[in-house]
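The following exercises concern one protein chain. Please work through each task before reading its solution.

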Amino acid sequence: MKRSFTLVCLLASATGVGIITSPSSALAQAPAAPTPADSTAGLAAAPAVAASPKIAIINFQQAVAATNEGQRNFAQLRVKFEPKQAQLKAQSDEIDSLKKQLQDAGANLSEPERDSRLRVIDEKTKSLQRTAEDAQNEASGAMNDMYQALAQKVYAVLDTYSGQNKFTMVLDVSAQQTPVLWANGTPDITKPVVDAYNAKSGVPPQPAAGAAAPRPSTTSPSRPATTTHPSTTKPPSQPPQ
């Protein structure tokens, strides 16, 4: 069976970056929203919640990916790994060609010759798997680092925006297992935060022709069920695992 090694897209529907996959590995997943550090201390220091709390929701992963800076950075990361994708495809095509030659030769090959060809195919297949796994790890690490650095900055804008609009709580609905099942009338501040970040960063929109349509992540690392008032907590220096 022909193995396909492609760069697939993650995160939000506005942009994407390639992640190289191997036959034995699942797609790399984008990190969830930054997990507030020392949240217990932050909650203890927070003022009492108002009698009528003002709550909003945000898809934080989508917000990070939808920023102009995020689209630019993801596109640059995708281009960076294009040579590796081409290398993997060339190796895969070579193995497919060797298998076809062996099949076409059929009974015309002696047993020693057949065994020799099978050994070559096996060695090249193992080499391809090792190369693909290394590329997967490298791409996942690069994406994690890039996403987390940008998420810190987007979170700072979320902090300011939430304070200006006097929200007492902001719930992150990025993960599929979010506890938010119904939020009728609750403002979704994903786009306003993206717009505010774009205005602050000054990064222009990316050309429409260069945008890809990625698939959102299907799982997220562990994180708190809700994101409390941004002014009481700060994101960590390292991405969640």
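**Exercise 1.** Does Ser52 count as buried or exposed, and at what relative accessibility? State also where Ser52 is placed in the chain.

*Solution.* The structure is a predicted model.
Step 1. Ser52 belongs to the loop between α1 (39-45) and β3 (55-58).
Step 2. A residue counts as exposed when its relative accessible area is over 50%. The relative accessibility of Ser52 is 65%, so Ser52 is exposed.
Step 3. In space, the C-alpha atoms of Ser52 and Thr168 are 9.2 Å apart, whereas in sequence these residues are 116 residues apart.

**Exercise 2.** Give the order of the elements in the protein chain, starting from the N terminus.

*Solution.*
Step 1. The protein chain contains six helices and five strands.
Step 2. Read from the N terminus on, their order is β-β-α-β-α-α-α-α-β-α-β.
Step 3. Of the 241 residues in the protein chain, 41% are buried.
Step 4. Among contacts in the protein chain with a separation of 6 or more, 83% join residues 24 or more positions apart.

**Exercise 3.** How many aromatic pairs does a search of the whole structure find? Classify the pair formed by Phe60 and Tyr155.

*Solution.*
Step 1. The search of the whole structure gives two aromatic pairs.
Step 2. For Phe60 and Tyr155, the ring centres are 6.4 Å apart and the planes stand at 65 degrees, so this pair is edge-to-face. The cut-off needed here is that planes over 60 degrees apart count as edge-to-face.
Step 3. Because Phe60 lies in helix α2 (residues 60-66) and Tyr155 in helix α5 (residues 111-164), the pair ties together parts that are 95 residues apart in sequence.
Step 4. Phe60 and Tyr155 are both buried.

**Exercise 4.** Which ring does the charged end of Lys54 sit over?

*Solution.*
Step 1. The charged end of Lys54 is placed over the ring of Phe167, at 4.9 Å from the ring centre.
Step 2. Another lysine, Lys166, is found in the loop between α5 and β4 (169-172).
Step 3. Lys166 is not a glycine, yet its phi is positive, at about 60 degrees. With a relative accessibility of 64%, Lys166 counts as exposed.

**Exercise 5.** At what angle do α5 and helix α6 pack, and which residues make the contact?

*Solution.*
Step 1. Two packed helices are described by the angle between their axes and the distance between the axes.
Step 2. For α5 and helix α6 (residues 190-201), the angle is about 110 degrees and the axes are 9 Å apart. α5 is therefore roughly perpendicular to α6.
Step 3. On the side of α5, the contact is made by Leu150, Lys153, Val154, Val157, Leu158 and Tyr161. On the side of α6, Pro192, Val193, Ala196, Tyr197 and Lys200 take part.
Step 4. By kind, the residues of this contact are nine nonpolar, no polar and two charged.

**Exercise 6.** Where is Asn68 placed, and which residues does Asn68 touch, not counting those up to four places away in sequence?

*Solution.*
Step 1. Asn68 is part of helix α3 (residues 68-80).
Step 2. Its relative accessibility is 10%, so Asn68 counts as buried.
Step 3. Leaving out residues up to four places away in sequence, Asn68 touches Asn198, Val203, Pro204, Pro205 and Gln206.
Step 4. Pro204 lies in the loop between α6 and β5 (227-228). At 52% relative accessibility, Pro204 counts as exposed.
Step 5. Pro204 and Glu69 are 135 residues apart in sequence, with their C-alpha atoms 7.9 Å apart in space.

Methods. Residues are numbered from 1 along each chain as its sequence is written. This is a predicted model: local features need pLDDT of at least 70, side-chain atom pairs count only at pLDDT 80 or more; totals for chains, interfaces and linings use all residues. Side-chain values use heavy atoms; hydrogens and water are left out. Rings of Phe, Tyr and Trp (its six-membered ring) pair if their centres lie within 6.5 Å; planes under 30 degrees apart count as stacked, over 60 as edge-to-face and the rest as tilted. Helices (H or I, at least four residues) and strands (E, at least two) are DSSP runs, numbered from the N terminus. Buried means under 20% relative accessible area, exposed over 50%, partly exposed in between (1.4 Å probe, protein chains only). A charge sits over a ring if NZ of Lys or CZ of Arg is within 6 Å of the ring centre and within 35 degrees of the ring normal. Axes are lines fitted to C-alpha atoms, for helices over the stretch in contact, and angles run from 0 to 180 degrees between N-to-C directions. Angles under 35 degrees count as roughly parallel, over 145 as roughly antiparallel, 65 to 115 as roughly perpendicular and the rest as oblique. Contact means heavy atoms within 4.5 Å. Ala, Val, Leu, Ile, Met, Phe, Trp, Tyr, Cys and Pro count as nonpolar, Asp, Glu, Lys and Arg as charged, and the others, Gly among them, as polar.
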